[in-house]
Amino acid sequence: MAQEAHSALYDLLAVRGVSRRDFLKYCGSVAAALGLSETMAPQIAAAMEGAGKLKPALWINGGSCTGCTESIAQVDTPDVATIVLDYLSFNYFETIMAAGGEDAEKQIEETVAAGGYIVIYEGSVMTGQDGNTLLINGKKGTEILEHVASNAAAVIAVGSCAVDGGWVMAHPNPAEATGVQAWLQKKKIKTPVVNLPTCPVNPEWIVAMVVQLLLVADFDAAKFLKVTPMVTRTVDCKVTGESVDLLFPKGIFGQTIHDNCPRRGHFENGEFVTKLGSAEEAMNYCLYKVGCKGPQTYTNCPVVRWNSRASWCVESGAPCIGCGGLNWVDNNAPFLMRMSDMQMGGTIGNVQAGTAAAVVGGVAAAALVAHGLGMKAAGRVGDGPPMEEMKAYDRKRGAKKGGDK
Ligand code: SF4
Ligand code: SF4
């Protein structure tokens with residue numbers, strides 16, 4: 001059986017032109033995303049090879065632009081993430097499946113009745129007008145989510161919209177959009193939800209979670225939560241009126257962009273780009289002054305990168321706009337302006353002290369100060385970047401959210 005599965009996976013890899021070496025390299029990325037040593041790559045590869053046909057899955061769309069689907073589907077060369085996800089049996093994938101109408105609906109019903117599946121949910125939960133802001137085949141999107149989640153082993157909320165409503169819930173949030181975990185909590189559905197923000201989601205994170213859930217945790221949600229280090233960020237959801245402890249895999253969302261940024265040395269030295277297209281930009285100086293939200297955004301984008309690990313936002317010359325944060329549009333816009341204060345708020349963005357507030361604001365600031373002092377003590381830098389001067393400058397100009405224009 002293992003040999004058959006081995007062959008099936010290798011046939012798939014060979015047909016798509018992926019070498020064994022590339023596959024192992026990819027497994028190293030999955031290990032990194034899981035917060036494991038990359039030396040675990042052979043074990044992960046062996047687990048994938050021995051798994052045979054993986055468990056069924058339903059990919060459900062809520063209120064979204066389908067950007068997360070595009071992130072996975074629109075690769076111009078065979079991508080290992082796509083192959084591994086091909087290997088997962090998607091019984092329903094609204095945007096790209098061949099079936100339609102009643103046949104597609106039947107697939108959902110049969111999968112839910114059989115149990116033993118995972119739900120990957122893309123998009124926000126649109127609760128406005130009693131759920132009528134999103135109807136699919138005459139059914140409310142909220143009820144579809146409740147139905148598929150109720151008998152699932154786990155739900156993976158992919159993309160910021162599924163995590164907390166994303167851009168759909170930006171002020172004034174007329175659709176009363178919120179995230180999957182908040183809505184399931186309100187409906188007292190206890191299926192575990194793992195959150196993978198960013199806009200769109202990075203497909204490698206989905207694969208990492210699938211590998212962890214199906215292969216490392218034997219498709220047992222309790223074991224999955226036990227073996228996967230998580231960070232919790234507590235938010236107050238204005239739509240449901242409840243606090244919710246959002247769960248994020250620590251290996252992916254435990255460190256800031258800034259922690260791993262290759263431009264960090266320029267930040268420490270106070271070398272900033274103040275205008276896009278300038279000589280400083282050509283020298284890859286730090287993008288903080290043109291709006292980089294890396295210091296307060298917790299994702300491992302610099303490590304896992306994007307587009308088959310080709311590059312990522314800052315490396316390509318654009319400031320991180322913080323799409324991996326909570327309530328990221330209201331908190332971070334205008335995107336190309338330096339933050340002079342942190343605005344928490346919006347539908348789900350009020351963060352409780354000690355959890356996300358600390359993560360997004362205080363701890364980030366404290367870590368920067370501590371790191372700066374450490375660097376100074378080590379004699380590597382002088383006084384570091386003039387953060388207080390920058391803030392004073394912003395305050396003098398009366399800027400609410402931005403500094404340089
Ligand atoms: S502010 Fe942005 S560009 Fe500068 S070091 Fe931090 S993450 Fe990198
Ligand atoms: S680097 Fe920032 S803006 Fe780019 S994908 Fe990651 S979190 Fe989003």
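Start with ligand 1 and its shell, which by class holds 10 nonpolar, two polar and two charged residues (Ala, Val, Leu, Ile, Met, Phe, Trp, Tyr, Cys and Pro count as nonpolar, Asp, Glu, Lys and Arg as charged, and the others, Gly among them, as polar). This is a predicted model, in which local features need pLDDT of at least 70, side-chain atom pairs count only at pLDDT 80 or more, and totals for chains, interfaces and linings use all residues. Residues are numbered from 1 along each chain as its sequence is written, while chains are lettered from A and ligands numbered from 1 in the order in which they are written.

Now display the 14 residues that surround ligand 1; the closest are Cys261, Cys286, Tyr288, Cys292 and Gly294 (near means a C-beta atom, placed from the backbone, within 6 Å).

Five of its five residues are buried, so S3 is largely enclosed by the rest of the structure (buried: 20 or more other C-beta atoms, placed from the backbone, within 10 Å of a residue's own). Ile118, Ile120 and Glu122 point one way, Val119 and Tyr121 the other.

Finish at ligand 2, whose surrounding residues include Thr198, Trp312 and Cys320. Its shell has seven nonpolar, five polar and no charged residues.

Technical notes: Buried ≥ 20, exposed ≤ 12 C-beta atoms within 10 Å, placed from the backbone. Helix = DSSP H or I, 4+ residues; strand = E, 2+ residues; numbered from the N terminus.
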